[in-house]
Structure formats: structure tokens, C-alpha cells
Amino acid sequence: MSRVAWYRVFVVGGAIALLEVLCLTGIIDKITMQAPHLIVRDLYRMLVSGRMNGAIMKTLGNTLLALGLALGVGIITGALLHRWRALRDTLDPLFATYYAVPVFAFYPFFIVVFGLGDLPQVLIAFMLGVVAVIVNTLNGLDRVPVVLLKTARIMRLSPIDTALRMTLPSAGPYLLTGVKLAVAYAFIGVIGSEFIMSRGGIGYEISFAYANFDNATMYPLIVLILLASVAINGVLSRWEQKLLARRGMR
Amino acid sequence: MSMASLGRLRNSLVLIVALVAIWQGLYWWVGDVALASPLATLRYTAKLFATESFEGHLFDTLRAFAIAFALSVVIGLAVGFWLGFDRLSGDTLEPMIVSVYAIPKLTLYPILLLAFGLGLSAKVAFGVLHGVIPIILFTLSAVHNTKPILLKTGRVLKLSRSQMVRWILFPAAIPEIFTGLRVGFALTLIGSLLAEMFASQRGLGYLLMNGIGLHNVELIMAVTLVIVVFAAAVSTLLLYIDHRLHRRA
């Protein structure tokens, strides 16, 4: 492990130790927060007992659905827009300001239109993710070297072969950036909307536990989400770095 | 006005007209129960602005947002410059800050509520939590990307650290820092609105959630419209300044 990695472990470990001390000495009282070792214990018990499995599966299912939709629609739209210059120019202001608009503000509207089911949550997560995928797909396609496409034409590759052998490997790292963002956004969208108002899922369980002062459920769930999102993001980032390094872009 | 900006203006106008047309089409399709027409929403918005209680909510949101954004800028710039200067702390903390960016921060809100209590301070804290991260990251990378020749000149002139920031790093980094401020602006707005949606008795986010309870479609659409128009307008303006700064640099 490098020195910087050790420092990182040290910073995180130090922060947890500090919390532990603050909790045990009672500077942070029990109603506000439990000591970290108790949170870990509760998390372990919760996972072993399986009482949150339903909520976890529901959240995961909705996240995957939204992610799949965002990737499918985003990549296809990106590829089409790349061909259709005029439409792309028209949509450009939308893409530029899209992430300045709080997508969650549409959630109450979706609830009123579609009812309080899974659809509004999936829609919010999809809306958050899809534009990141489109923008990164366009970015990747823009950067495919012209010489590769010319080579493909000389070798008389079919459009499908050109896409699979030339365009996709070349645009790969950028597509992966889009995927990484879409994963994060799908998580944020589903859990966030569950949290605001819903009938089930991890976000719902956290807000339910909060409303009932049930710290023994709330903190372990929060830690579970933190661990899951940091882990997934870490894996994807590492993969992205590797692809970039292989292309000599680092 | 140049040809390029004329083209952008035309594109934006076409886009706005298209979005309103889609909205109207949807309204004709699903009808009055679920949707208000663009015209009805505009009328309701005008009526809303005339009421005194709405002004209170609007003012509340704007105040929380303004305080949160000011804090985000100050903290973000300070931390960003520190991490940019101090290579070791930067390398250690940057990946951690990046991963905070990807977590659903809404789940942390109960902790903030327990720490700050229901009210303005929790809202502000949540806005800062969202907005400060891009400002830190962009400032950090701006400092890293400063041309070495400028830093060397500063060292030759024996500038102190604060003079270095004031006269060399800050002017050189302005375009990139501004991009950070632009993203931070959007995220702070999202943060303060989300905080209001989850637990609050005041503000636009509260009005939105209240609209669900009352099944008041017009209210929900009017408030959503106000938020979207405000966010899009300010962000377009910031984007314009951003482009100009980058072209000058």
C-alpha cells in the first residue's frame, strides 16, 4: 500500500475513533448518535436477522431498473444525436442547464400523476441519470479518431462490426464515465425519493426510524448505504482509471 | 452579438417552445385530473405571487439558500486552496471528497436534523453539504493546473503564501473556480430544497409536499415551475459568464 493510502486509512480511522470517544464520554448523547461499535453490531444483527432484506431488495430492484433504462435510452439517444447535428444543437442548452434544475422537485408532481408506487421513484432516478449518459456518449463518440473510421471503411467492415471493433473500444472510457455517474444518480434518485415519501425501501426505513427515534435501525442503515455507494463508486472509478491508463490518457 | 451567440439564443428559444408544446400536448392527452395546462399554471403562479403567505415561503427558501451558498463558497475556497497547496493533504483527501459526492446525501439528513434541530440551521447545513464539494474539487484542480511559470515568478518575487493566493493563484484560477461556483450554486439549491421537502414547516419544498397532501396539482406545478425557471435562468447566466471567462483565459 502506498503512503497516501495509509494516510487515508489513518484519517478515516481517526475520525471513527474520535466519534467513539465523543460518544462514550457522553459529549454526543445517546439520543443524537450511537457509538460506532454499536452501529456496527446493530448492522451485523440486522443483516443476519434478514428483517431489512425486503427493503434492500426493493431498493436494489428499482435502482437496477432505473439504471438499465437510463443506460439503454441514454446510449441510444446519444448515438442518434451524434448523427443528427441540428437536433443536438437545439438540445444543447437543455443539457447545459439540466443539472442545475432540482429533478427532485418533480417528485411530488409524479406522485400526483402516477400514484405513490415504484414508478415515480424509478422515473426520478432515470431522469437524474439519463442526461449524464447522453452527454458522455456524445463526448465519447466525438473523440473517436477519424482515422479509425477510415480504416474501418477500407477494410469494408459492416456498420455493426465498425461499432463493435472501432467505435465502442475507442469511446469506452467516456461511456464508462457515463455509467459511473448513472449508477450514482440511480442510487441517489431511488433512495432520495423513498426518503421523501414512499411505501417501502431503505430510504423509507431510514425516515421511518428517524420519525420513531429508532437510532438502532437508522444509523446501521445509513452506514450500509454509505458503504455500498462508496464501494460501488470505488470499483467503477478504478476500472475507469485502468481504461484511461490503457489508452495512455493519464 | 456574434453569430454563435445568436445561434445559441435561437436554440434556447426553439427548446422552450418545444417543451411548452410537449406540456400542452400531455395536458390534452391526460386531462385535468393529473395535469394543469401551461396557461392555467401561469395564471396560478401569478395568483400565488400576489398572496402574502407565498412570499413568506419564497423568502424563507431564498434566505436559507443564500446563507448556504455564501458558506459553501467561503468554506469551499478555503479548503480547495489548502488542499491545492498542500500536495499531501490533497492527495489524501481528494478521493474521499469525490466519493462523498456519489453517496445519496439525503440519508445523512436525519443526522443533521439531530445535530442542528428542525429549522434554518439544518437546512443551511444540508445545502452546504451539497454545494461545498464541487467548489472544493474545482478550486483544488484549478490550483493544480496553474502554470508553473507563474508560481516560479511568485517565488522569485518572494511572495508570502497569502500574497501568492491574492496576486497569482486566484487570478489564474478564476475561470475554473467560477465553474465550481456554478455547479456549487445548483447543488446548494438542490440541497436546501430537499431539506425543506423532508422535514420543514416553511419554504417552497414544504409547499410542494403540502401540495401532495391537498392533491393540489396546480399548486405543485406552479411551485415546480418557479423553481425550474429560477434554476435554469440563473444557471444560463452563470454559464454565459463562465464561457466568457474561459475564453479570456
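Chain B has ten helices and zero strands, where helices (H or I, at least four residues) and strands (E, at least two) are DSSP runs numbered from the N terminus. This is a predicted model, in which local features need pLDDT of at least 70, side-chain atom pairs count only at pLDDT 80 or more, and totals for chains, interfaces and linings use all residues. Residues are numbered from 1 along each chain as its sequence is written, while chains are lettered from A and ligands numbered from 1 in the order in which they are written.

**Exercise 1.** Work out how helix 7 and helix 8 of chain B are arranged.

*Solution.* Start with the geometry: the axes of helix 7 (residues 148-156) and helix 8 (residues 161-198) of chain B come within 11 Å and cross at roughly 170°. Axes here are lines fitted to C-alpha atoms, for helices over the stretch in contact, and angles run from 0 to 180 degrees between N-to-C directions. Helix 7 of chain B is therefore roughly antiparallel to helix 8 of chain B, a term for angles over 145 degrees.

Next, find the residues. From helix 7 of chain B, Leu150(B), Leu151(B) and Gly154(B) meet Met164(B), Ile168(B) and Ala172(B) of helix 8; contact requires C-beta atoms, placed from the backbone, within 7 Å. Finally, sort them: five are nonpolar, one is polar and none is charged. In this scheme Ala, Val, Leu, Ile, Met, Phe, Trp, Tyr, Cys and Pro are nonpolar, Asp, Glu, Lys and Arg are charged, and the others, Gly among them, are polar.

**Exercise 2.** Describe the side of chain A that touches chain B.

*Solution.* Begin with the contact count: 45 residues of chain A are in contact with 43 residues of chain B. Now list the elements of chain A giving two or more residues to this side; among them are helix 1 (3-24), helix 8 (159-196) and helix 10 (215-246). Last, the residues of this side of chain A divide into 34 nonpolar, eight polar and three charged.

Methods: Two residues are in contact if their C-beta atoms, placed from the backbone, lie within 7 Å. Angles under 35 degrees count as roughly parallel, over 145 as roughly antiparallel, 65 to 115 as roughly perpendicular and the rest as oblique.
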